[in-house]
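Here is a short report on one protein chain. Keep the sequence and the 3D view open while reading.

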Amino acid sequence: MNIRNLTLRMGVRALAAASLCTAFMTPAHAFLEDAEARRAILELRQRFDANAEETAAMRRGMLDLQAQIESMRRDIAQLTGTKEQLEREISELQRRQKDLATGLDERLSKFEPVQVQMDGLEFSADPAEKRDFDAALEKFRAGDFADARKAFANFVNTYPGSGYMPSARFWLGNTQYAGRDYKEAIANFRSMLRAAPQHERAADATLSIANCQLELKDTKGAIQTLGEVVKNYPGTEAATVAKERLQRLK
């Protein structure tokens, strides 16, 4: 066998050996690639599972948050309703307080003194005092002298310090004159004149005393009283009437 053939055979054997090695090596390399792929798949699965758990946790968190929001909304709605109810109750309490204050003011006003002008005098009087006097005077003006007499007599006894007293005694005397109780009428007229000699109705009261005296047939006393009217209250209508009567009596 020559060298050339030997070399050729050796090359063929080397090629065959290389091919055999290659044949044995290819499955190992493929096995390694499959393992890496499986590891990659496992890692992806692990990441997916982790992401899924994280997503689920986030969903649970979102649901919890949503539940909290709904609970807060209910609480806010309840608080709003409570606030509105409280506002209504406060408004109602304020209205009641205002009504009570108004009612109290009205009740107090029934007892607070009022300014009154009567027969040239100005003074303070209790509302009840004014009411009773006005009622008595209204009876007199209506011609109900009997009830007017009772009303004025009751007024004099009930309000002895009243600013109405001179006028009350004057009208009481007139009711007594109308009832022909001349002595009582004279007593009230004189009481009025002692308390208020310069009263606007003092001249009329003095003239009324003279009229009562004439009814009682006390002509001398009537003449004297008529002279007092002329002397003490000149220029008044009562003085004019008194002069005329004096002329008739003399």
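## Basis of the model

This is a predicted model: local features need pLDDT of at least 70, side-chain atom pairs count only at pLDDT 80 or more, and totals for chains, interfaces and linings use all residues. Residues are numbered from 1 along each chain as its sequence is written, and side-chain values use heavy atoms, with hydrogens and water left out.

In the model, residues 166-199 are 79% helix and 0% strand, and the end C-alpha atoms lie 8 Å apart. Helices (H or I, at least four residues) and strands (E, at least two) are DSSP runs, numbered from the N terminus.

## Helix α5

Helix α5 covers residues 182-195. Its 14 residues reach 20 Å from first C-alpha to last, close to the 20 Å expected at 1.5 Å a residue. That expected span is 1.5 Å times one less than the number of residues.

The buried residues of α5 are Y182, A185, I186, N188, F189, S191, M192 and L193. Buried means under 20% relative accessible area, exposed over 50%, and partly exposed in between (1.4 Å probe, protein chains only). These buried residues pack against α4 (165-178) and α6. Contact here means heavy atoms within 4.5 Å.

## Helix α8

Helix α8 has 13 residues, 237-249. They should span 18 Å, and the end C-alpha atoms are 19 Å apart, which agrees.

A238, A239, A242 and L246 are buried in α8. They cover an arc of only 95 degrees around the axis, so they sit on the same side of α8. The arc is that of the directions from the helix axis to the C-beta atoms. E237, Q247 and R248 are exposed on the other side. The cover over the buried residues includes α6 (202-215) and α7 (219-232).

## Two loop residues with positive phi

Most residues other than glycine have a negative phi. R180 has a positive phi, near 65 degrees. R180 is in the loop between α4 and α5, and is exposed at 67% relative accessibility.

K217 also has a positive phi, near 65 degrees. K217 is in the loop between α6 and α7. At 72% relative accessibility, K217 is exposed.

## Salt bridges

The structure holds 7 salt bridges. Each is a side-chain nitrogen of Lys or Arg within 4 Å of a carboxyl oxygen of Asp or Glu. One joins E92 and R96 at 3.2 Å, N to O. The two are 4 residues apart in helix α1 (residues 3-109), so about one helical turn separates them. E92 is partly exposed at 29%, and R96 is partly exposed at 47%. A network of salt bridges links E92, R95 and R96.

Which side chain meets R201 in a salt bridge? The partner is D119, at 3.0 Å, N to O. R201 lies in the loop between α5 and α6, and D119 in the loop between β1 (114-118) and β2 (121-125), so the pair ties together parts 82 residues apart in sequence. D119 is buried at 10%, whereas R201 is partly exposed at 23%. R149 and D181 meet in another salt bridge, at 2.5 Å, N to O. This pair links helix α3 (residues 145-158), which holds R149, to the loop between α4 and α5, which holds D181, 32 residues apart.
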